[in-house]
Amino acid sequence: MKYKRDDFFEKRIAVAVSGGADSMALLHMCRDLDATVLHVDHGLRAAAKKDSAFVAAAAKELNLSCVILQWTGKKPKTGVEAAARDARYDLLLKWCRDNDVGHLFVAHNADDQIETFLMNLGRGSGVYGLAAMPDSQSRRGVTVVRPLLDTPRRDLEKYCADNGIKFIHDEMNDDENFTRVKIRKNRHVLCDRLGISDERILTAIENLGRVRDMLEDNVGGLVKDVLAGGRAKFSESRLSGMPDELRLKFLSRLFQILGNTAYGPRLEKIARADYMLQSDCKFTINNCIVRRLKDKILIAPEGSSSSFRK
């Protein structure tokens, strides 16, 4: 683990466990902490109930409590991968907040990091997307911790084999209709034919991460300055005075916070909003209502007042 377990002995944590090799390895590593196991049943697979029972039994064997969270309601016909991810984090973070648990451990590994980078590269993402996943981040008042980001998937599978840890295989991980799976099965081409190794990609991600961290320090202060009363108000000159990357991230963070979503909008949507804000306008994005009147800009949760006088 990248983090020392001693750092968490006095803290309540939650561990997200799907039942796959990476999350089962993480669960085993956290077995002597004050941990609650969280498993999300997305209701997308025939084997979902069986997987839930497997995770619950594994937690019981380690004397850890387990909570099964259900993604209920109608499922989308397209964009299932992204929708399932958003629903999973919504459920996990809500449970942590409701139960006063400040740290959520998730089992993303080095292979996940590379796949995320390549997916975002394909989308034309900016610095934040290409920096992929940070090893820890605050989301809705909960610190999401990724202690295995520098560990390859094969090492986690070996850890399970060496320690007699059983795990399940999700057949959706073989379905190339999902972008991540398609990348996973063809990623070897980068090394075999172009000489771009995993280590080179991880080094690029690390370098971009330093740029992201620098931007993050600046964005946090800028956002804090304009938020008040559950909305944001500021002058157009504040936007026009920012470098492009900082301005787009500033808007993204406001849309994320005021829209109460796990992520901000895609880069192209933020860029479109930025363009519209160059003149008087009123529109919605990411559960937010956005308005510019003369030199004043307002961003508020959708359904609330768009009056500047509030």
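Visitor: Where is the place of Arg140?
Guide: Arg140 lies in the loop between β5 (136-139) and β6 (142-145); strands here are DSSP runs (E) of at least two residues, numbered from the N terminus. This is a predicted model, in which local features need pLDDT of at least 70, side-chain atom pairs count only at pLDDT 80 or more, and totals for chains, interfaces and linings use all residues. Residues are numbered from 1 along each chain as its sequence is written, and side-chain values use heavy atoms, with hydrogens and water left out.

Visitor: What is the phi of Arg140?
Guide: Arg140 has a positive phi of about 55 degrees, although it is not a glycine.

Visitor: And how accessible is Arg140?
Guide: Arg140 counts as partly exposed, at 25% relative accessibility. Buried means under 20% relative accessible area, exposed over 50%, and partly exposed in between (1.4 Å probe, protein chains only).

Visitor: Where is Asn287, then?
Guide: Asn287 sits in the loop between β9 (281-285) and β10. Its phi is positive, about 65 degrees, and Asn287 is not a glycine. At 43% relative accessibility, Asn287 is partly exposed.

Visitor: Changing topic: what is the strand order in the open sheet of five strands?
Guide: The order is β7-β8-β11-β10-β9, with antiparallel pairing; two strands pair if DSSP finds at least two bridges between them. β7 (227-228) and β9 are the edge strands, each pairing on one side only.

Visitor: How many bridges join β8 and β11?
Guide: Strand β8 (residues 231-235) pairs with β11 over four bridges. Phe234 stands opposite Ile297 in β11.
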